[in-house]
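Open the model in a viewer and keep the selection panel at hand. The stops below go from one selection to the next.

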Amino acid sequence: MMGMSRIVKTITSITFPLIMIYGLYIIAHGHLTPGGGFQGGAVVASGCAMVLVAYGSVWTMGKIKEKNLSILESLGAIGFIGIAFFGLIFGLNYFFNNFLLNQSNLPIFNAIGVGLSNINTAGVIPLMNFAVGLKVIAGLFAIVLVMAYGTRLKGGKAE
Amino acid sequence: MNEILDGLLTHSPALIVAIPLLGAFLTPLISRVNDKLRNIFVIFIVALTGFFVFLLANDIFSNGSIHTYVFGGGSPLTDGGFAIRILFEVDGMNAFMAIIASILAFVGVIYSWSFMKEHTGQDKYYTLILLMIAGMFGMILTGDMFNFFVFLEITSISSCALIAFYTNKGKAVDAGFKYIVISAIGALFVLFAIGILYSQYNALNMAVLANNITYGFLDKIALVLLIAGLAMKAGIVPMHMWLPDAYGRAPSSVTLILVGATQASLYGIFRMVFSVYGKTIGNINASAVDTIMNVNSIGWILILLAVLTMLIGVLMALKQYDLKRLIAFAALAEIGYMLLGLGVRLASKFSGEFEVTGAGSTTTMTQVQFQGFSSAALTGSVFHIMNDALDIGLLFLVAGAIYLATKETNLNKLGGLARNMKYTTVFFLIGLLAVSGMPPMNGFASKLIIYESAYQINPIVGIIAIVCSILLLAVFVKVFHSVFLGPKIPRLKDVKEVPKSMLIAMGIIALIIILIGLFPNFVIENIVQPATDAIVNYSSYIGGVIP
Amino acid sequence: MIDFDFNTFIKTLETGLRDFNSGLWNPLVWGIAIVIAFLIIYIIRGFGKTGHKEQTEQTKVFLSGNPELEKEKMHVGGSNVYWGFLDSFKWLYKVLDKMHTGNVSDYILWFVVIMGILFIVMGVL
Amino acid sequence: MIYNLPYIAVVALILIGLFAVIFKRNLIKIVIGITLIESGVNLFLITLAYRQDSTAPIYHGTGSGLMSLPVPHALTLTSIVIGVAVLALMLSLVVYIYRHYGTLDARKIGREEE
């Protein structure tokens, strides 16, 4: 897939940061408002997909390798499972235990629901949202990138 | 030391799923370091999972307890009896299935070491294998309907990607596509049924559902959707056509674990029928008279499907000339035996006049009961799940070994391998005897119970079961003759025995087969009978969550 | 731990005592019987005469007077083993082959058919 | 009648999806059929959550009163995520199939003798 015209590329460059911010906002506020890791991640990944369409898969593949994306994806998943394991390890609790809630060691995390603008109000849930968001961004973008790169046109014929 | 063990035991239901999941995501990172390290890591992860499975199973089978693990801690029920949390509920049947799954997973990973040595993309292969194992354990251990669906999908997505692992072969990709279409639709209908149940009882927890279920009109629809969707995933005729494609085209180590995944779907049917709908189907109070007709007709339909599964599986296997496809059809026939036990159990419910000895006086009253032989049928069926997984698994491993040694699975082009591959020949012989129900192998022990109980409900069904077993023997004698016997084919003169890790993997399964075959009663009394009692006893399953 | 009692360990699947009055099955007895059978076969085999002359009529393959083929061509391939069975059940295999179209749409069609049958049997429709 | 409309839509979506899967030859259309079934099931779950005159279940910023049930929303979300994974897998397999056989006709793939 080759890149598109200059108009498209310019508009993409302007809107790409806005989409990023919006997606990250949805990830960060997942526990307070509708949304969360997957939805925000999907928004960010669609922004990345827009860059892919505008600049072409060959250019994008030159900028970011699919291998690095899968490492990021693994890191996101490990973060999620790791937080779940921490719930098991700290304080003899249970798997997936919200161990940051109602405790005194890390006081910034222990309150619940004290306002719409505070994102540290649900224990581990925002952290899990970040992990899921990382995984979804990397995973979805890797899928789109690999598919676009694998089916790119070469001399008018699918390779 | 004991405290640590107790702590691990408490958390083992979650750890059994969580450890392979963590391992799956760590594998791509570790494989950047070293291939050998990654293989050792994967084997270690699976062995650790197996350790937790045996820890849990040992406790359950020796104490007869039910382990309930609530994710996030706390009580599964709110004050109003409203079920909110995801939980794993492990009784005898779950533990039994988990033992089978852990054996298959362990052997499959050991086998992969040499079998996959020359392929690229091994880090993805191991990641998917571990994901598939995690999904399989999740399906087996979960006590939550929606969680069951999620793990069903995890298993089918990862196994589909593994079936299409040989992407340079068109047929493998085709088989993978068929499998994902089948499993997506089957799982969606299961989800639809879960939605119907949720709409009525406001609960996703299996035990809470089982406590509240009334068997109304919508419940019947949900039961049909559950049975049909899971039966398609389990490969029951006539929804079996994906099975030979998928089993035949996948790498052998994957097929071994895929057998476990298929049986997890079969376990799903058992769990739905006997636990979630236990108050209707397992009920033997006088109030259950109205539903006998309905239960019997499901039972007879299942018997019919089972007989068809056996017959078509065996007849098609007789005709195949591709080794793995042939074994896949034989696996299909074996699934029929397990379904037969389930069908016999359901079809044998009846009501009649019984003399009840009360306090000092004997009165005659109408009661609902299961025929005596039906519990034996269920025992045989559950026992056969284990035997089938081992037998068919061993045969697939041998087929993979033959493929690795000769790069050929076509029976017409093979011959005389017994001279060069002695151990493989012995393992195939063991698998052959076991799968066709020859004494003294394990297949005979379970099949004998199924024959006898099926004969009790209808002689024709029992006879067909025996004939199918004989035909299975014929099928594998043909394979043995055309692959291992005969003169050396010139092209295969320099064939070597397969590497050690594959021999070890096959040896483990062969050893278990012989041990079970020699001491079937030990296995039945200590593992199979508790599992059968657990699945029949729906009230104790409910009691695991609702005190 | 699981109770280990040697008697229950040895006592095997005695179906005659279980739920049906039909026979007894003991794998250990069976195994001993197999070993004895092999011993008898081995003894009988020992009676055979060992003295024969190589490269004479005595070691030649006799195929009803037909000339002997090469060793490689004598092997019966997998497709030919049950030729008679397959040929006499041709009508059945025609039906079975028609069923297995290898087409994913037909798989789903069978699923819908089975679902319909189950609906009818359950009395929903 | 008007309250049953979502359920009628659910059944219609599932039936259309099944029709596409069973009677269409093109693999892409089969994939579309599966996603139609999936959206039917998702619509069913979402419909279950709705109570009359209820608002969205957000922790802050809503008045007191009836909220719709959040559990089916979570279920639907999970189901959508799974659906995305299945869709991606199916499409990449379709890409491979097209590369091998040069066709997307379901009746012409996987037929070659090995």
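Select chain B and chain C together: about 5,700 Å² is buried between them, and carbon and sulfur atoms give 76% of that area. Buried area here is the accessible area (1.4 Å probe) that two parts lose on being put together, summed over both. This is a predicted model, in which local features need pLDDT of at least 70 and side-chain atom pairs count only at pLDDT 80 or more, while totals for chains, interfaces and linings use all residues. Residues are numbered from 1 along each chain as its sequence is written, chains are lettered from A and ligands numbered from 1 in the order in which they are written, and side-chain values use heavy atoms, with hydrogens and water left out.

Colour the residues in contact (heavy atoms within 4.5 Å). Chain B supplies 75 residues and chain C 50 residues. Of the 5 pairs of chains that touch, B and C have the most contacts.

By class, the side of chain B that touches chain C has 48 nonpolar, 18 polar and 9 charged residues. Ala, Val, Leu, Ile, Met, Phe, Trp, Tyr, Cys and Pro count as nonpolar, Asp, Glu, Lys and Arg as charged, and the others, Gly among them, as polar.

Now hide chain C and keep chain B. Chain B has 20 helices and 4 strands, taken as DSSP runs (helices H or I, at least four residues; strands E, at least two) numbered from the N terminus. Of its 547 residues, 71% count as buried, that is, under 20% relative accessible area (1.4 Å probe, protein chains only). The C-alpha atoms of chain B fill a box of roughly 80 × 55 × 45 Å along the principal axes.

The rule finds 0 salt bridges between chain D and chain C.

Finally, select chain A and chain C. No contact joins them, and their closest C-alpha atoms lie 24 Å apart.

How values were computed. Buried means under 20% relative accessible area, exposed over 50%, partly exposed in between (1.4 Å probe, protein chains only). A salt bridge is a side-chain nitrogen of Lys or Arg within 4 Å of a carboxyl oxygen of Asp or Glu.
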